[in-house]
Amino acid sequence: MTDEDDPLAGIALDAWQPPPAPGGTADAVLRRMREPVAVAAHELGGRPRRRWPLWASAGVAIAAAASVLVIGPWGAPAPAPGGDGRGDVIAERASHLDLGPTSAELDAGTALSWRRDHRRVAVAQLRGAATWRVVGDDVLELDAGAMGASVEASGASLRVEVQMQIAHSDARVVAASAVTAAAVALVTIVVYQGHVKVASGGQTVNVAAGGRVEVKPGASPREVREVATAAPGEEGAGGQAASASAEEGRTIAPVELEAHRLKGNKQVMPDSYEQRAMQSAHEDRVIAAIKLCVDTTGAVSQVRILRSSGYPGYDQKIASEVSAWGFRPIEIDGKAVPVCTALSFIYSQK
Amino acid sequence: MPVAAARPAESFDELTLRRAQRGDEPAWRALIDRYQAPVHAVIWRLLAGRQLDRVEDLVQETFVRVLRALPAFEPSGPATLATWILTIATRLALNELRRPEHAELVDEPVAARGDRADDRADRRRLAAAIQAAVAALPEAQRAVFVLREYHDLDYSEIAAALEIDLGTVKSRLARARGALRAHLEAALPELKERP
């Protein structure tokens, strides 16, 4: 059919007109644009939401000391319009950090400074571990440990761990200290999705999904081993192989653990609020990865978010549901053993 | 033939656009002032006069997203600025339509002004019938119909905006027009007398 043989020809469709647009729209939009990018954080594990400690406002002396090392090179401190902004955060507990489209799951004790300049998100991760999810057109430029190791990522999911020489030291002290760089022992970058550039010691390496790179101060990046990654392809919520470490138990394949599962809901759906948020963001598919450990009785002993779905409520729901799973004890050579595995949850909506 | 060229002419000057892309507030305001009416219209029409309380929120949200994404907009790219902005507005409105419905406000359609009182009354009836007919369309057909009939997007622009292929645009438009005709004839029997 063409417009010429339109069955509505001759009907005055222009009779249907909207009312005049209200005034004040520009003022309202510009007010919103002047607001800094929301920095919201909330803890995983079912605790109530809380605000981040923002050192820029809460700890003048410490922020000033840190700025010599971290913020100074970025230039003028005044945030630009357009959703740009900056801040310094220290996660006192495991927390979620939103920086516009890009987000991070921070382990307790992680200290970092960030600055958004349009699509560029510059981060100085001084210490601690964070799982980053870089989405949309954002480009993450991360200075790890303030020791010359830099990470560049777009359209990627990765984990950056900055290990310190000073064990169990107070994050605030380290963040403010002039010896921050010297205190860094090792930076580890694990790529879950996409490609990431890691530069140090004058050398740059491209790390693909599944790659793991270690960087020591002043040295070139060193690829240490491959890790298994989530393999998207299964529609709906369900488990898939990802990666796991064997700290809390022997690492087994998800399918092996699944064979011992006695109870629990595998079809974990986001609540309606999160579903609407996904629709608004034009995301018809989100992926979260967890580490799951089971003790010798078959009870879940640990659930840890390895990769955030980008929707904290969904992450929490997954963690909560998985915590209620139960298994027959896993035996090896006739003896019950603790095990760990990693699962990915893929939620799709049309 | 589309009934109204609600898409503004592409004369938003390049210099102002560049300033807006750099975050210049007066340029942002000029852009909003320029495109507010079509954005408001497309959202209002896609919601088919319902959920009135959400229209202005969605208009504002559209411009917030437009301004945030503006630095990445490529003026020489396949989409014109107007089409790009209408695309963002359309997607937001469609997302709104997919939300579970709550209590809603229903707008009384405003008929375009006629020459005589009788004409105005007829056009108000027609406007109300069109609004009801559009509201009865599935959202996928409604979007194609509104963008084509009221916002003058061509088939390829609609295909790009809704991320569907050209054939789907044509088939949805044909079905929408057929459904509209049937609905309008049922509501306004005098239309049956017309070809």
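This is a predicted model: local features need pLDDT of at least 70, side-chain atom pairs count only at pLDDT 80 or more; totals for chains, interfaces and linings use all residues.
Two strands pair if DSSP finds at least two bridges between them.

**Entry 1: a sheet in chain A**

I looked up the strand order of one open sheet in chain A and found four strands arranged as β15-β22-β17-β18, with mixed pairing. The edges are held by β15 (250-251) and β18 (300-307) of chain A, each of which has a single partner strand, so one side of each is left without a neighbour in the sheet. I then followed β15(A) to strand β22 (residues 339-348) of chain A, with which it pairs in the parallel sense over two bridges. For R250(A), I recorded V339(A) in β22(A) as the bridge partner.

**Entry 2: β2, β5 and R116 of chain A**

I next turned to strand β2 (residues 85-90) of chain A, where five of the six residues are buried, so the strand is largely enclosed by the rest of the structure. β2(A) pairs with β5(A) in the antiparallel sense over six bridges, and I noted that G85(A) has R116(A) as its bridge partner in β5(A).

What does the side chain of R116(A) reach? R116(A) belongs to strand β5 (residues 111-117) of chain A and is buried, with a relative accessible area of 7%. Its side chain reaches the backbone oxygen of H118(A) at 2.8 Å, and a polar contact of 2.5 Å links it to the side chain of D138(A).

For the setting, I wrote down that chain A has eight helices and 22 strands, and that 49% of its 350 residues count as buried. Of the contacts in chain A with a separation of 6 or more, 60% are between residues 24 or more positions apart.

**Entry 3: the interface of chains A and B**

I then went to the interface, where 39 residues of chain A are in contact with 58 residues of chain B. The two chains bury about 4,500 Å² between them, with 62% of that area on carbon and sulfur atoms. Across this interface I found 14 residue pairs in polar contact, both residues being at pLDDT 80 or more. On the side of chain A that touches chain B, the elements giving two or more residues are β1 (16-17), α1 (25-34) and α7 (272-280) of chain A; the largest share, nine residues, comes from α1(A). By class, that side has 20 nonpolar, ten polar and nine charged residues.

**Entry 4: salt bridges**

How many salt bridges are there over all chains? A search of the whole structure gives 17, and the count between chain A and chain B is four. I looked up E61(B) and R32(A), whose side chains meet in a salt bridge at 2.6 Å, N to O. E61(B) lies in helix α3 (residues 52-69) of chain B and R32(A) in helix α1 of chain A, so this pair joins two chains. R32(A) is partly exposed, at a relative accessible area of 27%.

R125(B) lies in helix α5 (residues 117-136) of chain B and E190(B) in the segment after α8 (166-187) of chain B, so the pair ties together parts that are 65 residues apart in sequence. Finally, I noted that salt bridges with shared partners join D6(A), E149(B) and R177(B) into one network.

Terms used. Residues are numbered from 1 along each chain as its sequence is written. Chains are lettered from A and ligands numbered from 1 in the order in which they are written. Side-chain values use heavy atoms; hydrogens and water are left out. Contact means heavy atoms within 4.5 Å. Buried area is the accessible area (1.4 Å probe) that two parts lose on being put together, summed over both. A polar contact is a pair of N or O atoms within 3.5 Å; within protein, one must be able to donate a hydrogen and the other to accept it, and residues adjacent in sequence count only if both atoms are side-chain atoms. Ala, Val, Leu, Ile, Met, Phe, Trp, Tyr, Cys and Pro count as nonpolar, Asp, Glu, Lys and Arg as charged, and the others, Gly among them, as polar. Buried means under 20% relative accessible area, exposed over 50%, partly exposed in between (1.4 Å probe, protein chains only).
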